[in-house]
Amino acid sequence: MFLRKIATVVALTTLASSAWAGCGISEGRVSIVGNEFPAIQTIGAGAMECAGGGVTVETNLTADHQKINLPGMTGNPAEFTSAIVANSSIVALMNNDVIRPLNDLVAKHGQGLQKSQLVTIDGNIMGIAFMANAQHLTYRSDVLDQLGIAVPTTYEEMLEAAGRIRSSGLMKNPVGGAYASGWNLAEEFVNMYIGHGGEFFEPGTAKIAVNNQHGYDTLSMMKQLSHFMNPDYLTHDSNATSAEWKAGNVALMNMWGSRIGALRGDEVDAAVVAATATAGPMTVGGGTTAASTLWWDGFTVAKNISDADAEATFMALMHAIRPDMLNETTAPQAVWLIDGYEPTPAAAGVFAAAAMGTKPYPMLPYAGLMHSAAGAELVDFMQGKETAEEALAGLEAAYTTAATEKGYL
Amino acid sequence: MKHKTFFWFFLPTALAMFLFIALPLTSIVSQSLHTPHDQVLIVVESCDPFGCKSETTIDHLASKKINEEKPQGKWVGFQIYTDRNHLAFKEVGELWENKTNFIDFVSSLRDLPFYRAMGFTLTYTFVVTPLVILFGFIIALAVNSLHRHLKGFMVFFSLLPMIVTPLVGSLILFWMIDARGILGSGLQELFADPTLSLKASTGLTWITLIVYGVWHSAPFAFIVFYAGLQTVPKETIEAAMIDGATRFQQTMHVVVPHLSPLVAFVALIQLMDNFRVFEPIVGFSASAHATSLSWIIWNDIGQEIRLLSSAATTSVLTIIGVIILLMPVLIRTWREFNPEK
């Protein structure tokens with residue numbers, strides 16, 4: 001309640017200080033929950049512009065959005081009228097049937113949208129995508145140039161480059177990686193496993209199948225990379241890894257496209273900023289599939305709210321992603337899927353990922369269970385306490401137990 | 001007290017206990033015996049910015065019908081309790097059959113999430129609790145012997161670790177012990193080992209968490225003992241002094257026996273609190289090395305997967321664990337208040 005009051009006050013102050021934008025909404029309640037990174041903050045601020053008159057707009061942007069969006073949309077009426085999600089997190093909302101099909105609203109207010117922005121499941125538009133994201137190589141051009149190393153295109157080349165940087169004495173731990181136990185570690189496993197050409201499930205079923213040669217190769221590569229990382233790597237998420245980069249401690253890392261802009265922030269040493277360069281995702285093990293996943297971020301509208309609130313929410317978010325929101329500040333924040341977007345240098349990596357035919361993250365109802373089990377079960381292997389076979393057997397057993405409980409098996 | 005007076009006096013408490021303890025308990029016990037229904041999956045055409053393909057999804061109309069018929073979910077009895085992610089009877093049985101020796105068996109239990117969590121939780125509980133009592137007592141004695149003008153300030157100062165929110169306290173320490181933090185790099189200098197990392201080794205992480213636990217909880221024991229020290233009868237101390245008892249002997253033979261009921265009280269509260277250790281694990285991002293039952297519950301429901309039955313089961317197991325842990329102390333207290341006739 002207290003937080004809600006603060007959010008309302010913030011919304012009202014925003015209204016008072018900014019010019020009346022006029023989103024064409026007469027009344028309604030808009031409450032948006034989403035992740036916290038610059039592009040999403042821009043969207044939240046854009047929707048806030050619609051507050052005023054009978055319209056209240058609140059945003060709750062936090063890294064913990066996945067923990068609160070489902071509980072906050074389950075009630076009736078739902079606390080959140082919209083959740084900003086990605087292709088993994090929309091699944092949890094669809095599984096629990098808390099978001100509504102947007103076909104009517106798109107027909108009525110969605111003229112500016114391109115067809116590719118519509119996330120359609122069985123003919124129902126369940127989300128509107130506004131940006132794309134992927135993890136890809138980020139490297140320090142000055143360090144590679146100084147040692148005469150070519151930009152790595154495979155993880156094997158990355159290992160070799162890391163070895164040369166370390167032996168040159170330039171950096172002690174030249175590789176950065178978001179390998180924090182939990183979601184991040186599992187994400188790197190997913191990337192690397194896809195790069196090795198693995199399939200997570202037996203086709204057409206929810207039966208997991210990762211305890212195979214692809215899995216062993218994946219873990220072996222992750223282990224080799226970790227030898228070139230800060231010894232605390234199991235506690236490093238994307239934020240901590242970015243901090244390592246900004247401090248000039250690492251020269252090579254697989255990083256989210258949406259975070260590249262922030263690596264060039266004002267607080268970072270100018271030499272590091274000038275040498276921060278990106279390339280497409282790398283392949284691994286002689287494969288041709290990029291060891292990365294493609295992601296979209298988009299918005300959804302809650303099911304358990306009045307039609308008027310749903311319409312207000314949709315219109316406020318449509319206002320936030322209108323083509324003329326693109327300017328010098330917002331354009332480099334992401335690879336926008338908005339009409340009229342011109343790629344900026346920060347977007348090169350994500351475009352390269354798309355051009356390489358990188359696979360999208362699997363939108364399966366049970367993929368989250370696998371992801372979660374991997375985050376907990378692979379840490380013993382990374383610490384050298386288990387063999388790859390034991391770790392993957394553990395992952396399969398943990399997943400199977402959870403999937404049985406959830407009724408998928 | 002008259003029965004009627006007692007009834008009216010106790011009623012608000014009883015009501016609150018019923019609403020906030022008994023009802024939720026019933027709810028989690030019921031939840032732990034049910035799971036969601038089998039999911040009805042269908043393959044549909046799904047399109048996103050990266051193209052269209054056939055994708056498996058949940059058939060909501062069909063699922064809704066099943067849920068409306070049986071909103072409780074599917075009855076599974078104790079299946080969740082015995083599955084691999086909890087008590088893992090089958091897996092433990094297999095490990096026991098295939099063991100080479102007992103130590104090997106115990107260390108292989110580490111692969112099972114429940115036993116892994118219990119390993120850390122019990123170590124933490126049984127190391128932190130006595131240390132908290134010991135340090136709390138020492139601080140209380142030290143503060144009590146100060147000049148009265150200094151006392152107020154020192155009491156406040158000693159309480160600080162408890163006043164700081166656990167998550168904030170652990171985050172501050174987490175940054176300080178980072179390999180590039182002030183304590184982390186200080187230790188590297190001290191031991192002349194540039195690769196020393198408190199966060200990378202399981203043993204050192206456990207020690208860090210335990211040190212944090214003692215730091216955070218010692219003020220609680222301190223303030224209880226300090227209050228107790230104010231009630232130590234002066235006459236007995238003086239009598240002991242006349243008998244020629246040293247300061248140490250006075251403490252051991254007069255003060256400690258006087259405070260012993262308080263020790264039982266602090267032990268009770270600390271056993272309960274430490275068994276539910278949670279914030280430091282999150283604050284120190286220590287889940288790779290140390291987990292606890294509370295952390296498992298948080299992990300089950302905190303993510304998008306929401307394993308409610310699993311979380312409920314772990315909650316019930318936590319309660320059972322607390323009861324077992326407190327049993328000796330409770331029995332002792334019972335005996336003290338109901339002397340045998």
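Is Ala192(B) buried or exposed, counted by C-beta neighbours inside 10 Å? In this predicted model, Ala192(B) counts as exposed, because 7 C-beta neighbours fall inside 10 Å. The residue sits in the loop that joins α9 and α10 (202–229) of chain B. Its phi is positive, at about 50°, although Ala192(B) is not a glycine. Most residues other than glycine have a negative phi, and most peptide bonds are trans.

A positive phi is also found at Ser285(B), again in a residue other than glycine, with a value near 45°. Ser285(B) belongs to the loop between α13 (279–283) and α14 (293–302) of chain B. Ser285(B) counts as buried, because 22 C-beta neighbours lie inside 10 Å and the cut-off for a buried residue is 20 or more. Leu187(B) counts as partly exposed because it has 17 C-beta neighbours inside 10 Å. Between Leu187(B) and Val132(B) the separation is 55 residues in sequence and 24 Å in space, from C-alpha to C-alpha.

Chain B is divided into two parts by the domain assignment: domain 1 covers 35–75 and domain 2 covers 112–337. The centres of domain 1 of chain B and domain 2 of chain B, taken over C-alpha atoms, are 47 Å apart. Helix α12 (residues 247–275) of chain B and helix α15 (residues 308–337) of chain B have axes that come within 9 Å and cross at roughly 175°. The two helices α12(B) and α15(B) are therefore roughly antiparallel, since an angle over 145 degrees is placed in that class. On the α12(B) side, the contact consists of Ala264(B), Ala267(B), Leu268(B), Leu271(B), Met272(B) and Phe275(B). These residues meet Gly321(B), Val322(B), Leu325(B), Leu326(B), Val329(B), Arg332(B) and Thr333(B) in α15(B). By class, the contact of α12(B) with α15(B) has 10 nonpolar residues, 2 polar residues and 1 charged residue.

In chain A, the average pLDDT is 89, and 95% of the residues score at least 70. Residues 8–21 of chain A have a pLDDT below 50, and this stretch makes 16 contacts in the model beyond near neighbours in sequence.

The domain assignment of chain A gives domain 1 (2–133 + 295–349) and domain 2 (134–293 + 355–406). Taken over C-alpha atoms, the centres of domain 1 of chain A and domain 2 of chain A are separated by 29 Å. Domain 1 of chain A contributes 18 residues to the contact, and domain 2 of chain A contributes 20 residues. On the side of domain 1 of chain A that touches domain 2 of chain A, at least two residues each come from α2 (38–48), α4 (89–95) and α14 (348–355) of chain A. The largest share of this side, 3 residues, is supplied by α4(A). The side of domain 1 of chain A that touches domain 2 of chain A is made up of 12 nonpolar and 6 polar residues, with no charged residues.

Helix α10 (residues 238–246) of chain A has buried residues at Ser238(A), Ala240(A), Thr241(A), Ser242(A), Glu244(A) and Trp245(A). The buried residues of α10(A) pack against β6 (175–176), α8 (183–195), β7 (252–256) and α11 (260–263) of chain A. Gly248(A), with a positive phi near 80°, follows α10(A). Elsewhere in the chain, the peptide bond from Asn76(A) to Pro77(A) is cis, and its omega is near 0°. Pro77(A) is located in the loop between α3 (65–74) and β3 (82–86) of chain A.

Between the two chains, 47 residues of chain A are in contact with 39 residues of chain B. On the side of chain A that touches chain B, at least two residues each are supplied by α3, α4, β4 (118–121), β5 (124–140), β9 (294–299), α15 (367–377) and α17 (388–406) of chain A. The largest share of that side, 7 residues, comes from α17(A). By class, the side of chain A that touches chain B comprises 24 nonpolar, 17 polar and 6 charged residues.

Note on methods. Residues numbered from 1 in each chain as written. Chains lettered and ligands numbered in written order. Predicted model: local features only at pLDDT ≥ 70, side-chain atom pairs only at ≥ 80, totals over all residues. Domains from an automatic or database assignment. Contact = placed C-beta atoms within 7 Å. Helix = DSSP H or I, 4+ residues; strand = E, 2+ residues; numbered from the N terminus. Nonpolar A, V, L, I, M, F, W, Y, C, P; charged D, E, K, R; others polar. Axes fitted to C-alpha atoms, helices over the stretch in contact; angles between N-to-C directions. Parallel < 35°, antiparallel > 145°, perpendicular 65-115°, else oblique. Buried ≥ 20, exposed ≤ 12 C-beta atoms within 10 Å, placed from the backbone. pLDDT = per-residue confidence, 0-100.
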